[in-house]
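Please look at the sequence and the model together while reading this report. The text moves from a sheet to the domains, then to the ligand, and ends with some backbone details.

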Amino acid sequence: MKQSKETALEYTHKWLEIIKEKQTPTTEEADWIANESLYNFREHFNAGWLEYRKSVTLAGQHAAIEWKGKWAKIEDIYGRSYIDWLGGYGLLSHGWSNPEVIEAVQSQLLHNPMPSQELIDPLRGVLARMIADITPGDLKYSFFCGSGTEANEWAIKLAKMYTKKAGFIVAVKWFHGKTMGSLSMIGKKDYREPVGQLYSGPVYHVPFGDAAAVERQLEICETIGVGIAAVMMEPIQGEAGAIVPPDDFWPRIRAATKKHNVLLIADEVQTGIGRTGKMWWVDNWGVVPDIMTLGKSLGGGVMPISAFVSTEEIWQCMMHPNPFIHTTTTWGNALSCSAAIAGLHIALRDDFPKMAQEKWEYMMKKLQKLVKKYPEIYESISGKWLLIAQHFRSAEIGYAVTAELFRNGVLIAGTLNSAITSRIEPPIVITYEEIDAGLKALKKSLKTVSESLKNSIKTHLESLEAIPPQPYNSDKDPLKKMRKNLSVK
Ligand SMILES: Cc1ncc(COP(=O)(O)O)c(C=O)c1O
């Protein structure tokens, strides 16, 4: 051990007390938590995250450290409140800490959080059945995992096992996760290049939304004898900037894959569960993919859970001859499944697709006016339903707008390295008052940035204050004095 056992115990004890604390900390305590968090990120997690995040450098005097959230509002440890227009990149469709999801998870937690690995756990079956009921066509069987990238990883594996072919056709700029298989399909060099050699099977990238390019690539592969297991696409390209494909894209690639006896995988990790105006984006055209992947808000914003779903016929290779060909020890656990069952129940009952449509229509009209008003800031705005992207004239301008917006109490993505586009993906449950408050803050931010553009955007960014993280010093720890009555064994 690099520290003494006593120091490690003292430190973990302290954090367990903080975890149990229900009140917003005092300023003194919050300072300590902020400094500790920055120190820990810098020394033990990833210092780069601090350099590139506006919430660290631009939150007034102290970094914004998240503490709690409710619906579309998030509060940091200083009690500063932000309207959430980011929604965890689609993770928080049900809002922060949705009380119904939390209630289900808390109840489940009290009697059985994790599976025995041998007995039959009921919730996994319930969730698989629910997903079969609400996904299109003959999609029927599901397997659960934790992240979107795992769901895609395993969809790739399933397509290979079923077709006994190795090739994939995917889209340029497509994003679907950073594990090796998903990464091999990714259409962005930023993530691929540093890793070097990826999946060794053939992977062809075609422009997204170009059905003719997919058809041509399928023809070419057939002519030259390269076996293609699947065409794999994101319904709307999210990470690439909410790019909506032409209306004939999905029907045409469905027809082409059928013609060439190739599977079609729809990555609905971000678009699913109502965000894009239907329960699933592919429902917009009545397209039934062979495999669909789900994630993000599947866990109701409370637990991580993702899934890949397919037909009975394709699933045969998951069941025979070896039903344990695909397993993990932890995923499909009862806690995650309870969250997903509650989350899907809410999405169906409250009609998330309709909510997303109505709020998008309301928001987009007002956003378009701002895009017109500030041509020096905006290139364009894209997206449909609650997956919107602002495209800025430059990354610096984008960063300045998102940073100003954050100062004005609205959270959207704002990382310095990809600030040229910034997504707006609020919780579907956001209220119209919160949308209006966000728009008001955006107007104010655009005005400030527009004025500073007349001077220099660089000077503007340099004037923003960075907070130097402090190392942990237990002697100066204000939390030592408090919460004495809480004891942690
Ligand atoms: C369409 C899509 N697929 C897959 C993923 C990967 O999901 P995760 O970050 O949970 O691995 C993402 C993440 O943004 C995504 O947008």
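This is a predicted model: local features need pLDDT of at least 70, side-chain atom pairs count only at pLDDT 80 or more; totals for chains, interfaces and linings use all residues.

Which residue in β10 does Met292 stand opposite?

## The open sheet

Met292 stands opposite Val309 in β10, and the two strands concerned, β9 (residues 291-294) and β10 (residues 306-311), pair in the antiparallel sense over four bridges. In general, strands of a sheet pair through backbone hydrogen bonds, and they may do so in a parallel or an antiparallel way.

This pair belongs to an open sheet of seven strands, whose order is β4-β10-β9-β8-β7-β5-β6 and whose pairing is mixed. At the edges are β4 (139-145) and β6 (203-206), each of which pairs on one side only. From one strand to the next, the twist averages 20°. Helix α11 (residues 249-259) packs on the sheet, where it touches β7 (228-233) and β8 (263-267), and the direction of α11 makes about 145° with that of β8.

## Two domains

According to the domain assignment, the chain has a domain 1, made of residues 19-97 and 352-462, and a domain 2, made of residues 100-349. The C-alpha centres of domain 1 and domain 2 lie 28 Å apart, and 24 residues of domain 1 are in contact with 24 residues of domain 2.

On the side of domain 1 that touches domain 2, the elements that give two or more residues are α14 (352-373), β11 (378-384), β12 (387-392) and β14 (421-424). Sorted by class, the residues of this side of domain 1 divide into 12 nonpolar, 10 polar and two charged.

Two of these elements, β11 and β12, run antiparallel and are joined by six bridges, with Tyr378 standing opposite Phe392 in β12. The hairpin of β11 and β12 has two residues between the strands, and in this hairpin Trp385 takes a positive phi near 55°.

## Around the ligand

How many residues surround the ligand? There are 15 of them, and the closest are Ser147, Gly148, Thr149, Gly177 and Val269. Helix α7 (residues 148-163) provides the largest share of this shell, namely three residues. By class, the shell around the ligand has nine polar, three nonpolar and three charged residues.

## Backbone details

Trp71, in the loop between β1 (66-70) and β2 (73-76), has a phi near 50°, which is a positive value in a residue other than glycine. Is Trp71 buried or partly exposed? Since a residue counts as buried only if 20 or more other C-beta atoms lie within 10 Å of its own, Trp71, with 19 such atoms within 10 Å, is partly exposed.

Ser97 also has a positive phi, of about 50°, although it is not a glycine, and its place is in the loop between α4 (87-90) and α5 (99-111). Ser97 counts as partly exposed because it has 16 C-beta neighbours inside 10 Å.

How values were computed: Residues are numbered from 1 along each chain as its sequence is written. A residue is near a molecule or strand if its C-beta atom, placed from the backbone, lies within 6 Å of it. Ala, Val, Leu, Ile, Met, Phe, Trp, Tyr, Cys and Pro count as nonpolar, Asp, Glu, Lys and Arg as charged, and the others, Gly among them, as polar. Two strands pair if DSSP finds at least two bridges between them. Axes are lines fitted to C-alpha atoms, for helices over the stretch in contact, and angles run from 0 to 180 degrees between N-to-C directions. Two residues are in contact if their C-beta atoms, placed from the backbone, lie within 7 Å. Domain bounds come from an automatic or database domain assignment. A residue is buried if 20 or more other C-beta atoms lie within 10 Å of its own, exposed if 12 or fewer, and partly exposed in between; C-beta atoms are placed from the backbone.
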